[in-house]
Structure formats: structure tokens, C-alpha cells
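Please look at the sequence and the model first, and then read on.

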Amino acid sequence: MSLFADLRRRFDLRPAKSLNLAGSPARTRPEASSITSSGEQPCGGRDPHGTAGTDHSAYLAIAEALQDGADVVPASDEVGRQLATDGVSLVEALDGLSALYRSIAGGEPAFEAVRALSSSWAEASLVYLHSLSCEDPLTGLSSLAHLRSRLGELYREAEFRGTSVPQTHALVVVEPLNPAGTSPFDRELRLVDVAECLRIVFCGGDVLGRVGSRRAAALVGREPNLPEQVATVRALITQWRLDTDVPQLARIWIEGLPGTDEMAGRLLDELARP
């Protein structure tokens, strides 16, 4: 039995109405057209009774890749992220992927397509969940959405006062360097340690935020002693764990801010990438 077939067998045991794991109602579009070439319509069109389902026009990128014989991973990654943004549950997303493959390729989806779609769906859903709160529940760091909001306020204030955000503020970014084989739980503990070290050094009104799954950042003023503060953070992180003689290594750098709020948002997106 293939991996995907086993997943589907397990999902068939779920209640009749599946939970929407992305946290918001799935968007539908009236009379969504099927992208399949056979009589089988993916689970996202309207049935004869007019019941709305997931709109599978989002699967067009995968369909084109299959028909062209191209790599389906980039398309699957894009589709998974879009479906999560649209509020489609992972079960529905995988059902649609299966229907698409059966209609075009005559079989179950390739493992690479399933993995890419599932991973990007999970990543986008995590971003959504973090945006519901101003604070990451584990580390206590501000969410990416809150950090983005504070940056927007700084740019609006700078425009009003005639100042320049790149000259007055910067990001201090910390990325723990975890050894190969480090578990996700241990990586989270390292971020908890990083958060504590940042709070010790930047204890004023600076915003300390989590940027993606691997990094933390402090939005700080460009004070003359900023390099010394960064050096202190590095020293604290290196020697934070007293139960081991192994230095806790991390990349730490001062990230300059761009000239516009829009570019600052793009910078945060880049820093949040795995």
C-alpha cells in the first residue's frame, strides 16, 4: 500500500464533517469549473444539488505541471500555501490532489507532491495561528504579525516627523545553530533560551519577536552601544546552558532596515523562510 493510500485510508475513518484546520471558513466560488479531463469532478466543485465545496481552480498549477511533464514540487508547494490561506482543511486539500492525479495521471499522487503540498499547507496554517495572538505561547516572543505592525507604525511616524527608519532603527537577528539530528522540541527550547537572553539585554521598549520557525529578532534603536549589546547577547547565548560544556552557537547579526514599509515587510518574509 502506498503512503498516500494509507493516509487516505486513515482519513476515511474521520467524522463525516471534517474540521477546518486552517481556522477560517473555506472560500468558495459559484459554479467553479472542474480542471479534470474526465467525468470525475474533484471534491471542490458544486454537486447537482448546488452544495458548495472547495474551489479547485487553485490546482491549475499542478495540472499544468503534470500535463507538461514538469516538476510538480514547486506547483504543489504553491497550491498547498494557497489552499491553507483560503481556509481549506488538509484533508480536503489531499482529496483534491488525489482526484486531480487520478484524472490526469491515472494513479495516486507522487510522494514528492504530497509532501510539498502538506508542508506548505502546514507552514501557512502556522503563520495564521501565530497571527491570532500578539505573542508566541512558548517563547513569549511577539508574533511576526505584531512585529510587522510595529514596523509599520515606525515608518508612519518617520514620514510624519521627517526622519528615516533605516537611520534610527535596525533588527538584531538571532539564529541558533543546531547540530544535525536536533529534534524539533530541542530547537524550540533553544529559541526559549534565545528569548531570555534578548530580554536581558534589550529590556526597554524594544520589540522582541519570533521570525519563522528558526529565528528571533529584536527591533531596536540604533544607539551608539548597539554593537556592544549584540556582543553581550552572543556571550549570553553561548554560555547560557550551565549543564553542558558545549558552547551554544548561534548566528547573530544586525540587519539594516529598508527605506519603505513595503520593503520591510518583504525583509521579514525572507527572514521567516526556513
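In which helix is Ala93 found? Ala93 belongs to helix H4, which covers residues 90-104; helices (H or I, at least four residues) and strands (E, at least two) are DSSP runs, numbered from the N terminus. The model is predicted, with local features needing pLDDT of at least 70 and side-chain atom pairs counting only at pLDDT 80 or more, while totals for chains, interfaces and linings use all residues. Residues are numbered from 1 along each chain as its sequence is written, and side-chain values use heavy atoms, with hydrogens and water left out.

The chain has ten helices and four strands, and 40% of its 274 residues count as buried, a term for under 20% relative accessible area with a 1.4 Å probe, protein chains only.

Two residues from this chain are set side by side below.

| Residue | Element | Relative accessible area |
|---|---|---|
| Ala93 | helix H4 (residues 90-104) | 0% |
| Glu175 | strand S1 (residues 169-176) | 7% |

Leaving aside residues up to four places away in sequence, Ala93 touches Tyr59, Leu83, Val88 and Leu117, where contact means heavy atoms within 4.5 Å. The C-alpha atoms of Ala93 and Ser118 are 8.5 Å apart, although 25 residues separate them along the chain.

With the same exclusion of residues up to four places away, Glu175 touches Arg214, Arg215, Ala250, Arg251 and Trp253. The side chains of Glu175 and Arg215 also make a polar contact at 2.8 Å, that is, a pair of N or O atoms within 3.5 Å, of which, within protein, one must be able to donate a hydrogen and the other to accept it, and residues adjacent in sequence count only if both atoms are side-chain atoms.

Key
Buried < 20%, exposed > 50% of the residue type's maximum accessible area, 1.4 Å probe, protein only.
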